[in-house]
Structure formats: C-alpha cells, structure tokens
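Hi,

Here is the structure I promised to pass on to you. Have a look at it first, and then read my notes on its aromatic rings below.

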Amino acid sequence: MEYKHWSSPFPIEASLHSALDDAGLEHHPWEIIGSINLNDLLIIFDPPDLVLTHYSNQETHSNWVDDNINQLSKSYSQILSQASRPSTTLIAGWQLTRVLQTISLKEFFRSNKDHLSDPQQASIEWPNTETFAALGIDHLDRKINQDLSNLYIKVDAIAVRFGRQADTMYLQRLHSHLDEISVVKALQHSAATSRREALLIEGLHKIQNDYRDYVMESKEIIQNYQQLLLESQVLAGQYRDATAKNDQDIKAS
C-alpha cells in the first residue's frame, strides 16, 4: 500500500514530521480529518505518557495540560473510529522514529509498499517513560476508571507493530516508573535543574548588568574625550591667533 496522507491528534517530533514530508506524505490537521475523504491514510499515535511528554516539551502547547488533558481519551476514541475507514493504517510515532535511525521513511515505505511490517524489529525496546508523565497519566487513568489506558491498548492492538507484541502490559510498564526511588530521583533531578536554571538566569542578569555598566562607562569616556577634543581645538585656535598677532607685531616693528 502506498501512503499519501498522514494525520495525528497528538504532537509528533519535528524530525519525524520532516521525514514524513520528505517521504511525500501530505499532512492533514486532525480537526478536519473526519470531514474529508482520504484513502491511504496513515494515523500516528503514541502511548499516553509519551504524548504528555511531547506536549510538555512544546512551548506552543504550554497550556495544553490544563485545558485538554481530559481530551486524551476522546482522542484515542477518535483514532479507533477513523481506523474503521478503508485504507487507513495506525502506527506508533516512536517506532517510525526508530526506523529513521537506519533508513529514510521514503525508502522504508517503498520497500514495504505491499505489507508494512519489519519482523527484524520484534525485540525493539519500549520508549522511555518520564516519571512525572507516568504520574500524570496514572492519576488521570484512575480518575476515569482506566478508560484512557484501555483505549490506548485497543488502538495499539490494531496498529502495525513491526513484529512486536501489542502493548497489553502498558499499565505495568507505566507503574514500573512509579516506585519510591524513581519518584525521589525525578524530584531531585527537577530540583537540581531548577537550581541550575536559577544560577543561569542569575549569571545572565549579572552579564547584562555588567554590559550596561560597561556601556555607561564607555559613554562617559567618549563624552570626556569629546570634551578634551573640543578644549584642544579651542586652545589650538587661541594659539594660532596669538601666533598670527605676534607675527603682525614683528612686521610692524
């Protein structure tokens, strides 16, 4: 199958977006995906914790967590609904990113045009899970009776998986990052990062203040130089006048 279009309700990495463009796939905003008739559509998704991490890393989506975190379940439901359309394929974004480490997506899609799979990746490792993202998804999932994780597992079960097993143990993977040691380490790392950022900001402020002082001192030096130049020009004029008068006196005598 030759893919011509792709879409996702979630943010994806810039490198993957660029690779899909280079492969000739046209991007369609998810908001209008249900109103247009597309064949050969590739829908890209990720595990909920990875989606949350991607959003938190995008400054343009800084308010997304507060405004739309409860829409995650709805997004996976929409993916399941769109998957029933003919010529539609689901695939995990993190796996496409792994593919990019060894081959371009253009070459990959060309070599797998009849059957999109890669059994050689059967032992592929799961994507890294950040502890704070795991905490957020676990809290949300408990709040809505595990509806979020169940929907994601259903999506992954019908996706092209490159030979790997379906992510039926997602909750166990998520909870493995929520032990006391992992949480404490994440808090320590966050605190250390905040301290480094504070020191960096303090250093930048000092540089800014030093530069402002340097500019002010430079202006004062320039002003003093201009004053000295003016005074020297006045003295030179007075000297020329005195010399001319003296010459006239000598000639008169």
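Counting ring pairs whose centres lie within 6.5 Å, I get seven aromatic pairs. Please keep in mind that this is a predicted model. A handy way to think about the pairs: two aromatic rings are described by the distance of their centres and the angle of their planes.

Take Phe10 and Tyr76. Their ring centres are 5.0 Å apart and the planes meet at 50°, so this pair is tilted. It brings together distant parts of the chain, since Phe10 sits in the loop between β1 (5-7) and α1 (14-22) while Tyr76 belongs to helix α4 (residues 72-83), 66 residues apart. Both residues are buried. Phe10 and Tyr76 also belong to one aromatic cluster, together with Phe45, Tyr152 and Tyr170.

Now try Phe108 and Phe162. With centres 5.5 Å apart and planes at 80°, the pair is edge-to-face, because that angle is over 60 degrees. This pair links distant parts of the chain too: Phe108 is in helix α6 (residues 105-111), and Phe162 is in the loop between α8 (147-157) and α9 (170-175), 54 residues apart.

One last thing to look at is the backbone of Phe162. Most residues other than glycine have a negative phi. Phi of Phe162, however, is positive, near 55°.

Happy exploring, and write back with any questions!

Terms used:
Residues are numbered from 1 along each chain as its sequence is written. This is a predicted model: local features need pLDDT of at least 70, side-chain atom pairs count only at pLDDT 80 or more; totals for chains, interfaces and linings use all residues. Side-chain values use heavy atoms; hydrogens and water are left out. Rings of Phe, Tyr and Trp (its six-membered ring) pair if their centres lie within 6.5 Å; planes under 30 degrees apart count as stacked, over 60 as edge-to-face and the rest as tilted. Helices (H or I, at least four residues) and strands (E, at least two) are DSSP runs, numbered from the N terminus. Buried means under 20% relative accessible area, exposed over 50%, partly exposed in between (1.4 Å probe, protein chains only).
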